[in-house]
Amino acid sequence: MTSNILGSMKKDGSRLDLHPADVKGVWTRWRRVVFAVLIGFYVLAPFIPVGGHPMIQLDVQHRRFYLFGWTFNSQDFWMVVLLLLAFAFGLLLVTAWKGRVWCGWGCPQTVFLEGLYRPIERWFDGPREVRIRLAEEPMSFKKFARRAGKYAVFLALSLGIAHTATALFVSPKELWLMIEEGPASHLEAFGLTIGFTAILMFNFTWFREQFCVVLCPYGRLQSVLHDRDSVTVAYREARGEPRGKISKPALSGVDGAADARPKLGDCIDCKRCVAVCPTGIDIRDGLQMECLACTQCIDACDEVMDKVKRPRGLIAFASQNELLGQPRRTLRPRLAVYAALMLLALGTLGVSLGTRTPFEANIFRARGGMPFIVDGDVVRNPFEVHVFNKHTARARFTVEIRSPVEAQVIIGTPAIELESLTDAHVPVSVSIARSKLQTPVDLVLVVTDQTNGTAREKTIRFLGK
């Protein structure tokens, strides 16, 4: 029977400190590889140069963003919306298909907790049984020394993660200068880094699984995202029940016949799956909100099955239909809808990036004055051209105004050079004889990027008739 009490809570509602046991196996090895890749990417992304800038840098203060060699400004924020939509629909697709694998394999909460903090804790405090005894012991010098050493390493690790997060918003060079100049010269960055460090310490030293089972809303969406064909970590009840300890069959009667007890299933009720669970649930109670699909119970159960010489897979990935002996449908409407929406968002993003020019060019009427000036038989329109360089390096641009009728064009700076993600405002004056304005005249702004030969055109109506 499924319990209504969270695995990380006692019956009186108080917090139960969890000490997951160590586990070995195929899934555990693959998770460690995934964790290493994700942590390595997080640590190195702000420091690996691509196109003269960090692989990832989100310079919010100056509205400059660098992603994998692409440069963006605040005008490109709509592309971020497409990226977030693609991620959201991708997450819905994965959840409906494979359950909560994101939580157990890709979520930063799990990656850093299980990939860094728990291994450090095991190194200081020992295996599960030792950690439990240590937690129950009164404070002593040995216990204090272990706690102090462990939390000191946790603090150093949290500071490192926090400074790496700061490097995502400033360049590594700027970060180093900030450190050298001291907190007093950069109070805002220092305060954010220390605040993030404090959050990491609170989360990874105490709050831990409570973030997943109490705060994170994603786990509560499982009931609407799953269906009977969703593949989740599941206990094969038909094979495992009735559970019981391994023992020799009792004999009864003078003829030595075996007793009438029912034949036991493959589950020997060792509770190893509960001991290794990071949220403290019993997977044998069925699908639960707290299950992170971390697969530790699969490896633990397979290890036990090997020891008792029974087939592996008592706990494995399976859908509800499979557990009931029915075929599982892989292709189904909701998966098709989620996949289509994700591909639509990715496709739109890809087309936008492919057709995106490495600079912006616009023409506006001059601010703070008349839209046109009549000087005898000549009409003059003042304009302002705005050019923004999205290249990752310095680039040169030329500005040209084309008119379908004879016109006098004066351009403040016909050729300009701009550093990466900087802009310039160029004054332009166009004068046309009144006799030439019998029909509407549309001027064409042409800004040419001399770096790669591309050009952008904008049209604006000449006023004055």
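1. **What you're looking at.** This is a predicted model, in which local features need pLDDT of at least 70 and side-chain atom pairs count only at pLDDT 80 or more, while totals for chains, interfaces and linings use all residues. Residues are numbered from 1 along each chain as its sequence is written, and side-chain values use heavy atoms, with hydrogens and water left out.

2. **Overall build.** The protein chain has 15 helices and 18 strands; these are DSSP runs numbered from the N terminus, with helices being H or I of at least four residues and strands E of at least two. Its radius of gyration is 33 Å, whereas a compact globule of 465 residues would come out near 23 Å (the radius is taken over C-alpha atoms, and the globule rule is 2.2 Å times the number of residues to the power 0.38). Along the principal axes, the C-alpha atoms fill a box of roughly 130 × 60 × 40 Å.

3. Of the 465 residues in the protein chain, 41% are buried. Here buried means under 20% relative accessible area, exposed over 50%, and partly exposed in between, with a 1.4 Å probe and protein chains only. The accessible surface comes to about 25700 Å², and carbon and sulfur atoms own 64% of that (Shrake-Rupley method, 1.4 Å probe; for residues, only the protein chains shown count as cover). As for charge, there are 57 positive and 44 negative ones, and their mean positions sit 4 Å apart. Lys and Arg count as positive, Asp and Glu as negative, with His and the chain ends not counted; each charge is placed at NZ of Lys, CZ of Arg, CG of Asp or CD of Glu.

4. **The largest nonpolar core.** A nonpolar core is a set of buried Ala, Val, Leu, Ile, Met, Phe, Trp, Tyr and Cys residues joined through side-chain atoms within 4.5 Å. The largest one has 26 residues, and V385, F397, I401, V430, L443, V447 and F462 are those with the most contacts inside it. Several strands supply at least two residues each, among them β12 (378-389), β13 (395-402) and β17 (441-449). The top contributor is β16, with five residues. A second, separate core of 19 residues includes I268, I281, I298 and V304. As general background, nonpolar side chains in soluble globular proteins tend to be buried together.

5. Start with V430: setting aside residues up to four places away in sequence, V430 touches V379, R380, N381, F383, I401, A407, Q408, V409, L443 and F462. A contact means heavy atoms within 4.5 Å. Then try R396, in strand β13. R396 counts as partly exposed because its relative accessibility is 38%. Beyond residues up to four places away, R396 touches A415, I416, E417, T448, D449, Q450 and T451. R396 and T448 are 52 residues apart along the chain, yet their C-alpha atoms are separated by 8.5 Å.

6. K271 lies in the loop between β8 and α12 and has a positive phi near 60° without being a glycine. D269, found in the loop between β8 (257-258) and α12 (272-276), also has a positive phi, of about 60°, and is not a glycine either. D269 is buried, though, because its relative accessible area is 18%. Another one to check is the peptide bond from E241 to P242, which is cis with omega near -10°. P242 is found in the loop between α11 (237-240) and β7 (251-252). For context, most residues other than glycine have a negative phi, and most peptide bonds are trans.

7. **Two helix residues.** A165 lies in helix α6 (residues 141-167) and is buried, because its relative accessible area is 12%. Leaving aside neighbours within four places in sequence, A165 is in contact with Y42 and F196. From A165 to T193 it's 28 residues in sequence and 8.0 Å in space, C-alpha to C-alpha. L93, in helix α2 (residues 77-98), is buried too, with a relative accessible area of 17%. Apart from residues up to four places away, L93 touches L335, Y338, A339 and M342. L93 and T193 are 100 residues apart in sequence and 35 Å apart in space, C-alpha to C-alpha.
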